[in-house]
Amino acid sequence: MGKSKRTLGLLALCFLLGFCGCADKQETGSETHPEAGVTGEAGATHTPAGNVSPEQSPTAGGTAEPSGAAAPTGTTEPSGAAAPTGTTEPTGTAAPIATQKPTATPKPAVTAAPQKPTETPKPSRPTTGQTPTSALTLTPTQGVKLGTSLYKRYEGYFYFGTCVSASYLNNSKVTELLLEQFNSITCENEMKPDALLNQYQCQSQGKVVVTVPSNTKKILDWAKKNGLKVRGHVLVWYSQTPDWFFREGFRSDGALVSREEMLSRMESYIKQVLNYCDTNYPGMFYAWDVVNEAFTDDGTGYRDCNWYKILGEDYITEAFRFARKYASSGTKLFYNDFNTYINYSDKIKTTRICNLVKELKKENLIDGVGMQAHLDVSYPSADDFVKTVTTFSNLGVEVQITELDVTTTASAAGWKQQGEYLDRIFSALEKNDRTGVCNLTSVSVWGIADSYSWRASQDPLLFDDNLKPKAAYYSVLQQ
Ligand code: XIL
């Protein structure tokens with residue numbers, strides 16, 4: 001389970017691309033840079049992209065600036081959309097999905113956004129007759145009372161989840177640990193547009209064709225079988241969305257399409273994905289990230305991307321309108337972003353998100369804010385992070401921590417610091433959620449163990465490379 005080491009060549013390439021300190025990630029199967037698009041089976045693009053500044057998304061265009069300093073000024077802007085990709089050949093593994101919504105699927109209820117405590121979904125694993133088995137012999141390394149399961153610890157308050165990539169399911173120790181600790185999962189890459197959009201099919205049929213690859217089905221079938229709930233990630237994003245999707249004839253060299261055509265493509269994509277989920281996995285998706293990372297951290301506001309270029313700033317509202325139209329009533333709609341707690345001088349991301357939520361709430365289009373929470377032990381302060389959870393909750397929407405990881409130095413001291421940092425965060429969150437100060441309905445970590453993380457070199461997760469719990473685990477467990 002050891003981490004693979006970067007090669008000199010890869011290191012040089014990382015620097016060339018601006019990915020300072022790229023971390024190799026243990027992964028099976030093909031590793032494709034998001035920009036390289038889908039090849040063969042529309043599989044996961046699994047790009048190692050570590051050592052990023054706090055809560056930065058390094059996925060797009062390789063433009064993330066290296067930042068050793070974990071300070072607000074070190075936050076970086078990924079930019080641009082994925083580069084044009086080659087035509088994807090049909091593989092036979094990805095069947096076109098159903099386009100009809102089952103008539104029994106209830107339409108979204110037009111009610112006020114849910115408020116705690118009565119309307120907050122109470123997470124629990126549906127009864128499947130399957131009892132999670134113990135994959136671990138937990139050792140209370142810090143003299144903390146022994147706990148056994150993250151999701152059981154927070155049952156009744158919020159879901160506790162992790163992202164999962166298809167390769168996780170090849171390792172029975174990993175799947176045992178997953179079932180023991182979590183009652184929610186998010187596909188790490190397998191439900192992103194570049195995984196579900198098939199260029200060959202779109203071109204040959206002359207319309208948006210969503211295909212669901214076997215890796216995606218593998219995860220979703222496994223979740224269904226084991227009674228896990230799923231966060232859908234992600235419908236509209238500037239990154240990991242093929243550039244050809246925005247172009248005439250779905251051609252990599254085509255001109256950008258008109259506003260009317262793009263709205264029609266957006267609707268078709270959202271409809272197909274949500275209908276597929278409802279039809280094949282009814283009741284399993286409790287949340288969808290409808291729009292991801294639309295705002296910049298600085299004063300410029302909206303991120304410049306193909307969605308923005310073609311549709312302007314209301315692409316966000318349009319996406320939520322379509323999502324509300326096609327999502328079943330049990331599926332909550334989220335705006336998801338990183339650096340959500342940045343709010344000072346010209347960096348007013350929290351306020352921007354609040355303003356968006358207020359606008360979308362007027363049409364009952366949004367149910368919550370997803371805080372990615374790619375944090376670092378030195379930034380942001382636990383206090384600022386926790387306060388932001390409350391700020392969003394006070395808008396009358398749910399808050400979900402969607403991609404939690406905390407980078408630190410890979411050392412005993414670093415792990416200790418990480419444990420202390422997470423203790424500060426979770427002691428406050430646990431209390432705030434219990435007492436109704438915040439409306440936290442789900443917390444997900446971004447990976448099962450350090451070696452599986454997209455920021456693997458900075459040991460950001462709760463379990464070590466041998467799947468043993470770290471101090472960070474006991475801190476999150478709060479026992
Ligand atoms: C990351 C995945 O973890 C990587 O495997 C992939 O190469 C790039 O994307 N914000 C998001 C997530 O919303 O989808 C990103 O996931 C991390 C940043």
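## Exercises on a predicted chain

**Exercise 1. Compare the length of helix H12 with its expected span, and list its buried residues.**

Step 1. H12 covers residues 412-434, which is 23 residues.

Step 2. At 1.5 Å a residue, a span of 33 Å is expected.

Step 3. From the first C-alpha of H12 to the last, the model gives 32 Å, close to the expected value.

Step 4. The buried residues of H12 are Gly414, Gln418, Gly419, Tyr421, Leu422, Ile425, Phe426, Leu429, Glu430, Asn432 and Asp433.

Step 5. To read such a list, recall that an α-helix has 3.6 residues a turn, so residues three or four places apart point the same way.

**Exercise 2. Do the length check for helix H11, and find what its buried residues pack against.**

Step 1. H11 has twelve residues, 382-393, and these should span 16 Å at 1.5 Å a residue.

Step 2. The end C-alpha atoms of H11 are 17 Å apart, which agrees.

Step 3. Buried in H11 are Ala382, Phe385, Val386, Thr388, Val389, Thr390, Phe392 and Ser393.

Step 4. In the loop between S9 and H11 lies Pro380. The peptide bond that joins Tyr379 to Pro380 is cis, with omega about 0°.

**Exercise 3. Is strand S5 largely enclosed or open, and which strands pair with S5?**

Step 1. S5 spans residues 332-337, and six of the six are buried, so S5 is largely enclosed by the rest of the structure.

Step 2. In a regular strand the side chains alternate between the two faces of the sheet. In S5, Lys332, Phe334 and Asn336 point one way, while Leu333, Tyr335 and Asp337 point the other way.

Step 3. Strand S4 (residues 285-292) runs parallel to S5 and is joined to S5 by five bridges. Val291 has Tyr335 in S5 as its bridge partner.

Step 4. Strand S8 (residues 368-371) also pairs with S5 in the parallel sense, over four bridges. Here Asp337 stands opposite Met371 in S8.

Step 5. Past the strand, Asn339 is in the loop between S5 and strand S6 (343-344). Asn339 has a phi near 50°, a positive value in a residue other than glycine. With 0% relative accessibility, Asn339 counts as buried.

**Exercise 4. Classify the ring pairs Tyr154 with Phe158 and Phe245 with Tyr269.**

Step 1. A pair of aromatic rings is described by the distance of the centres and the angle of the planes. The structure holds 24 aromatic pairs.

Step 2. For Tyr154 and Phe158 the centres are 4.5 Å apart and the planes lie at 20°, so the pair is stacked. The cut-off for stacked is under 30 degrees. Both Tyr154 and Phe158 are buried.

Step 3. For Phe245 and Tyr269 the centres are 6.0 Å apart and the planes are at 65°, so the pair is edge-to-face. The cut-off for edge-to-face is over 60 degrees.

Step 4. Phe245 is in the loop between strand S3 (229-237) and helix H7 (259-280), and Tyr269 is in H7, so the pair ties together parts 24 residues apart in sequence. Phe245 and Tyr269 are buried.

Step 5. Phe245 and Tyr269 belong to a cluster linked by ring pairs, together with Trp244, Phe246, Phe250, Trp307 and Tyr315.

Step 6. A charged end can also sit over a ring: that of Arg153 is over Tyr154, 4.7 Å from the ring centre. The charged end of Lys470 is over the ring of Trp415, 4.6 Å from its centre.

**Exercise 5. Is Ala255 buried, partly exposed or exposed, and which residues does Ala255 touch?**

Step 1. Ala255 lies in the loop between S3 and H7.

Step 2. Its relative accessibility is 47%, so Ala255 counts as partly exposed.

Step 3. Leaving out residues up to four places away in sequence, Ala255 touches Phe246, Arg247 and Glu248.

Step 4. Trp244 is eleven residues from Ala255 along the chain, and their C-alpha atoms are separated by 9.2 Å.

Note on methods:
Residues numbered from 1 in each chain as written. Predicted model: local features only at pLDDT ≥ 70, side-chain atom pairs only at ≥ 80, totals over all residues. Heavy atoms only, no water. Phe/Tyr/Trp six-rings, centres within 6.5 Å; stacked < 30°, edge-to-face > 60°. Buried < 20%, exposed > 50% of the residue type's maximum accessible area, 1.4 Å probe, protein only. Helix = DSSP H or I, 4+ residues; strand = E, 2+ residues; numbered from the N terminus. Lys NZ or Arg CZ within 6 Å of the ring centre and 35° of its normal. Expected span 1.5 Å × (residues − 1). Pairing = 2+ DSSP bridges. Contact = heavy atoms within 4.5 Å.
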